[in-house]
Amino acid sequence: MKPIVKAFFDEQTNTVSYLVREPDGTACALIDSVLDFDHAAGRTDTRSADKMIAWVKAEGLRVEWILESHVHADHLSAAPYLQEHLGGKIGIGANITLVQDTFGKVFNEGTEFQRDGSQFDALFREGDSFHIGQLRGDVLHTPGHTPACLTYVIGDAAFVGDTLFMPDFGTARCDFPGGSSEALFQSIQKILTLPDETRIFVGHDYKAPGRDDYAWETTVGEQKALNIHIGQGRPIEDFVAMRDARDATLPMPRLILPSLQVNMRAGQMPDADTDGNVYLKVPINKL
Ligand SMILES: [Fe+2]
């Protein structure tokens, strides 16, 4: 069955969020949503999420799942806000517990911060499946960018998060804590065993040299033939050397500190401080 896919692009963070729906029916899922965040002002905004909500309502859809491909380090998730307005269950990879453990330490969280993934409604593992109405979703564990990264294969469409980007841009960085370029290589091979005509929807787009428009949809066949980092059967040693060298030159994402603190809590802010306000931390010289 071929789902209908609607993309929402956030130019501030180059993130693509997706609405995936049954071809004949009203069930849908929302993948990798964005809560707008003005870092300088410490202020959130729901403009991007409100566009998704308006679309769901205008089309008369029923949200069954709010899915995260991973704990994003470059934007905040709007999952709890979407759930409040539209319902649906929030799902992520079961290895979220590793991410929570790592960043629970980085941010010196107390014991009130649970590291068992209990902030989410569903924790998926390799081989798990789920349904969006008549559509079936299958879960691939695709670590490398982070240890908890998943690819959701829904009908003929694979939502690959930050593993592969468009063929002319390549692949995701692997230098965050728990990342591994070897693991990313293996994960990508797993994605590339899907049929060549499988549609691939990527989690970000930054354009690419010589390309003037944003793009987010490609296929397994195109990735195998054209991906500049991994196409044409590039061997793992080449890929790992290229990826690690490139990662050493990349700056930290602008929103990494707020994103991690919020997204490791399934998109919830930390508990309010004694004055009733919410604060995020800036660990000094730790990342
Ligand atoms: Fe990411």
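## A first look at the aromatic pairs and the iron site

At 0% relative accessibility, Phe 239 counts as buried. Welcome to this predicted model, in which there are 15 aromatic pairs and an iron ion held by His 70, His 145 and Asp 162.

**Phe 185 and Phe 239**
- The rings of Phe 185 and Phe 239 form a tilted pair, 5.8 Å centre to centre with 45° between the planes.
- Phe 185 belongs to helix α4 (residues 181–191) and Phe 239 to helix α6 (residues 236–247), so this pair links distant parts of the chain, 54 residues apart.
- Phe 185 is buried as well, with 8% relative accessibility.

**Phe 130 and Tyr 152**
- Because Phe 130 lies in strand β9 (residues 129–132) and Tyr 152 in strand β11, the pair ties together parts that are 22 residues apart in sequence.
- Phe 130 is buried at 4% relative accessible area, and Tyr 152 is buried at 0%.
- Ring pairs also join these two with Trp 65 and Phe 124 in a cluster.

**The iron site**
- The iron ion is coordinated through NE2 of His 70, NE2 of His 145 and OD of Asp 162, at 2.1 to 2.4 Å.
- His 70 sits in the loop between β6 (62–67) and α2 (79–86), while His 145 sits in the loop between β10 (135–141) and β11 (150–154), 75 residues apart.
- Both histidines, His 70 and His 145, are buried.

**Charges over rings**
- Lys 6 lies over the face of Phe 8, 5.2 Å from the ring centre.
- Lys 207 places its charged end over the ring of Tyr 214, 4.7 Å from the centre.

Technical notes:
Residues are numbered from 1 along each chain as its sequence is written. This is a predicted model: local features need pLDDT of at least 70, side-chain atom pairs count only at pLDDT 80 or more; totals for chains, interfaces and linings use all residues. Side-chain values use heavy atoms; hydrogens and water are left out. Donors are N, O and S atoms within 2.8 Å of the metal (3.2 Å for Na, K and Ca); water is not among the atoms, so sites may look incomplete. Helices (H or I, at least four residues) and strands (E, at least two) are DSSP runs, numbered from the N terminus. Buried means under 20% relative accessible area, exposed over 50%, partly exposed in between (1.4 Å probe, protein chains only). Rings of Phe, Tyr and Trp (its six-membered ring) pair if their centres lie within 6.5 Å; planes under 30 degrees apart count as stacked, over 60 as edge-to-face and the rest as tilted. A charge sits over a ring if NZ of Lys or CZ of Arg is within 6 Å of the ring centre and within 35 degrees of the ring normal.
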